[in-house]
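Visitor: Please take a close look at one part of this protein, the packing of its helices. I would like a single connected account.

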Amino acid sequence: MSTSYPTPVYSHAGRGDFRDVYEPAEDSFLLIDALEKDAERLQLLPCLCLEVGSGSGVVSAFLASVVGPSALYLCTDVNPAAAQCTAKTASCNKVSLQPVITSLVGSTGIEAAWAGGERGREVTDRFLPVVAQLLSSRGLFYLITIAENDPEDIIRLLGKCGLRGESCLSTRAGNERLSVLRFHRS
């Protein structure tokens, strides 16, 4: 029997001091669904979890509820308000998350949440080359993509770096086809 985990509290995201923070949407919830689907597998693995572009912190808060307090959760975002929102989400959900303000793009506001560039991969393409170096031998890397991102190309690219990838969950959200790619060492 699989355990069900509650969706983290995030009612503060996108409002008040956090109005310039990306609110959880279909992509966030699809990733949460993929993590819940892999919960048993995840409970055996992490000692360090890294989220790039944490926004509200809802995904890391969910992951922390699955994996537990023994892991370190680094939640990076370019937006200082997102780092503060992630801290608030952690507090509301009684989990320990470590927000870090860092940049893979030139913008620091909410517009960075949509700074996709060509094929929507400007930020992703800057991060992908280091994934294989960062991932432990038993680690997992999850990536949300839309069809425009060319998920098959991403799987091929990381395959050349020794990572095996697959689409583990997908859905349609409006006119976008969202997929969660999951990677591990070959």
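Guide: Buried residues make up 45% of the 186 residues in this protein, and the model shown is a predicted one. The accessible surface comes to about 9,800 Å², and carbon and sulfur atoms account for 51% of that area. There are six helices and six strands. Read from the N terminus, the elements follow the order α-α-β-α-β-α-β-α-β-α-β-β. Of the contacts between residues at least 6 apart in sequence, 67% link residues at least 24 apart.

Now to the helices themselves. Two packed helices are described by the angle between their axes and the distance between the axes. Take helix H1, residues 26-37, and helix H3, residues 58-67. Their axes lie 10 Å apart, and the packing angle is about 15°. An angle under 35 degrees counts as roughly parallel, so H1 and H3 are roughly parallel to each other. The crossing of these two helices is right-handed. On the H1 side, the contact is made by Ser28, Leu31, Ile32, Leu35 and Glu36. H3 contributes Val58, Val59, Phe62 and Leu63. Sorted by class, the residues where H1 meets H3 are seven nonpolar, one polar and one charged.

Between H1 and helix H2, which covers 39-43, there is a loop, and Asp38 is located in it. Is Asp38 buried or exposed? Its relative accessibility is 8%. Buried means under 20%, so Asp38 counts as buried. Apart from neighbours within four places in sequence, Asp38 is in contact with Tyr142 and Arg182.

A second pair of helices can be described in the same terms. Helix H5 spans residues 122-134 and helix H6 spans residues 151-159. The axes of H5 and H6 come within 10 Å and cross at roughly 35°. This crossing, of H5 past H6, is right-handed. Which residues meet here, in H5 and in H6? From H5 they are Thr124, Leu128 and Val131, and from H6 they are Ile154, Leu157 and Leu158. By class, the contact of H5 with H6 has five nonpolar residues, one polar residue and no charged residues.

To put the two pairs side by side: H1 and H3 pack at about 15°, while H5 and H6 cross at roughly 35°. The H1 contact with H3 includes one charged residue, whereas the H5 contact with H6 has none.

Key:
Residues are numbered from 1 along each chain as its sequence is written. This is a predicted model: local features need pLDDT of at least 70, side-chain atom pairs count only at pLDDT 80 or more; totals for chains, interfaces and linings use all residues. Side-chain values use heavy atoms; hydrogens and water are left out. Helices (H or I, at least four residues) and strands (E, at least two) are DSSP runs, numbered from the N terminus. Buried means under 20% relative accessible area, exposed over 50%, partly exposed in between (1.4 Å probe, protein chains only). Contact means heavy atoms within 4.5 Å. Accessible areas come from the Shrake-Rupley method with a 1.4 Å probe; for residues, only the protein chains shown count as cover. Axes are lines fitted to C-alpha atoms, for helices over the stretch in contact, and angles run from 0 to 180 degrees between N-to-C directions. Angles under 35 degrees count as roughly parallel, over 145 as roughly antiparallel, 65 to 115 as roughly perpendicular and the rest as oblique. A crossing is left-handed if the near helix is turned anticlockwise from the far one by less than a right angle, and right-handed if clockwise. Ala, Val, Leu, Ile, Met, Phe, Trp, Tyr, Cys and Pro count as nonpolar, Asp, Glu, Lys and Arg as charged, and the others, Gly among them, as polar.
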